[in-house]
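Dear colleague,

Please find the structure below, followed by a summary of what was found in it. I would be grateful if you would read the two side by side.

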Amino acid sequence: MKAGELDSMNDSQLVSRAQEGEVPAFEELVKRYQRDIYNLACRLVADAEEARDMAQQAFLQAFIHIKSFRQQSQFKTWLFRIAINQCYNFLKGKKKFGDPVEPDELHLVEEDSPETEVVARDERRRLYAALERLPAKQRAVLTLKVEQGLSYDEISEALGGSAGAARVNYCQALKTLRKYLKSEEEHEVAVQTTPTVATRVSRR
Amino acid sequence: MKWRCKLLQRWLPGYLDGDAPVFWRRRVEAHLEHCPACRREAEALKEAAAALQSAPVEDPGPAFWQEFNRELHLKLVQANQASPEPQRSRFRMPYYAAAAAGLAVLVVWIAYQVPGPHQTGPAPRMALEAQPAPEAKAPKLRMAKPPAAPVPALPAETSGPVSFASLGDEEMDSDDDVLTWDPDPVLADLTDQEREKLLKRLKRQEEDGSWQRKSYSVFWA
């Protein structure tokens with residue numbers, strides 16, 4: 001089979017071929033969605049290495065079970081669902097055994113200028129700290145909506161439930177994120193002012 | 001917060017990303033024009049979404065993806081070779097059809113297992129009559145009822161089906177106990193052969209004086 005032939009196929013055709021056991025057809029699907037799945041996993045597990053494993057596991061599970069995929073929904077949302085379940089399972093295990101992950105471990109887009117980099121790093125730290133405090137489902141819905149640009153119907157396919165529930169969940173997630181961002185900001189201000197006060201007290 | 005603000009704020013995210021229905025978009029738009037609290041809320045939500053968009057996850061680069069795809073390829077090939085699932089049949093019974101079939105089987109089974117009050121007499125009799133060799137089929141017939149006791153032990157008020165199919169001549173002719181029950185309902189449920197045997201025995205006992213019949217029946221000719 002020619003390489004260009006797979007490129008020109010749509011998802012449905014590729015899925016049909018993959019269901020017949022054609023690995024190259026499935027690998028074409030992997031190429032199309034690997035970045036989306038990796039980004040989603042990064043947001044959910046907040047660890048680049050783990051995110052890579054989660055993405056690989058998600059693709060492997062999708063390949064193993066692709067014969068049961070009846071193409072009643074989009075392949076993309078089905079894949080998101082598998083990846084989200086993988087991440088949920090990982091987070092459950094992490095919660096059980098305790099494995100804190102530092103936000104600095106994540107690979108983020110680097111800025112050019114050192115000053116802007118410092119500001120951006122602070123903002124990112126705040127964002128990741130706030131994201132970390134969000135429930136996993138709200139993190140997933142935020143990523144799917146804001147970063148992947150899915151509609152509420154597609155989000156409901158990926159996360160389960162109805163489109164209305166996805167909308168409410170997204171609204172709640174945005175509000176909670178904003179609240180946590182605000183509290184992280186206040187926390188940083190408090191931490192920065194505390195040494196000054198301490199110095200004044202010690203001088204007296 | 002007013003109830004109107006509370007209601008419309010649910011549609012704020014949808015309004016901001018243009019995903020809300022036209023009806024709600026117009027209502028939110030009209031409401032935001034004269035409600036500063038909701039305008040602030042909308043701004044805050046916009047900022048939160050923007051903060052998330054401003055810190056995207058970095059693309060790890062082509063080397064990462066090359067390695068990723070190489071590892072995944074090995075796993076996929078391994079999975080493909082390890083578990084070649086048998087080709088499933090194209091025909092798949094819908095789940096509701098399977099459920100209906102299961103239910104039908106259950107209903108039929110229950111109907112045969114639980115005899116109704118009107119079903120006590122004729123049905124087993126028909127079954128008995130249909131069998132040329134009643135001895136061979138006896139255990140099957142006795143399954144639906146409490147274990148069939150020997151004839152003399154039956155209580156007087158017994159009106160249910162009684163199986164004599166398993167009783168041999170010795171058992172039917174045993175004179176261990178005295179008959180104190182009314183044989184007419186029992187006689188009605190027997191085959192001709194069984195009825196003849198029982199009648200013979202009862203007549204013998206009547207002659208002995210060990211049993212006296214209370215009433216006459218159509219079988220007592």
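**Contact between the chains**

In this predicted model, 36 residues of chain A are in contact with 31 residues of chain B, contact meaning that the C-beta atoms of two residues, placed from the backbone, lie within 7 Å. On the chain A side, the elements that give two or more residues are α3, α4 (48-64), α6 (114-133), α7 (136-147) and α9 (163-203). Helices (H or I, at least four residues) and strands (E, at least two) are DSSP runs, numbered from the N terminus. By class, this side of chain A has 20 nonpolar, six polar and 10 charged residues; Ala, Val, Leu, Ile, Met, Phe, Trp, Tyr, Cys and Pro count as nonpolar, Asp, Glu, Lys and Arg as charged, and the others, Gly among them, as polar.

As to conventions, residues are numbered from 1 along each chain as its sequence is written, while chains are lettered from A and ligands numbered from 1 in the order in which they are written. Because the model is predicted, local features need pLDDT of at least 70 and side-chain atom pairs count only at pLDDT 80 or more, whereas totals for chains, interfaces and linings use all residues.

**Helices of chain A**

The axes of α2(A) (residues 11-19) and α3(A) (residues 23-45) come within 7 Å and cross at roughly 140°. Here axes are lines fitted to C-alpha atoms, for helices over the stretch in contact, with angles running from 0 to 180 degrees between N-to-C directions. The residues that make this contact are D11(A), L14(A), R17(A) and A18(A) of α2(A), together with A25(A), F26(A), E28(A) and L29(A) of α3(A). Five of them are nonpolar, none polar and three charged.

Helix α4(A) has 17 residues and reaches 24 Å from its first C-alpha to its last, close to the 24 Å expected at 1.5 Å a residue; the expected span is 1.5 Å times one less than the number of residues. Its buried residues include M54(A), F59(A) and F63(A). A residue is buried if 20 or more other C-beta atoms lie within 10 Å of its own, exposed if 12 or fewer, and partly exposed in between.

**Two loop residues**

A46(A), in the loop between α3 and α4 of chain A, has a positive phi near 55°. Q71(A), in the loop between α4 and α5 (75-97) of chain A, has a positive phi near 60°. A46(A) is buried, with 22 other C-beta atoms within 10 Å, whereas Q71(A) is exposed, with 12.

**Chain B**

Chain B has 11 helices and zero strands. Of its 221 residues, 14% are buried.

With kind regards
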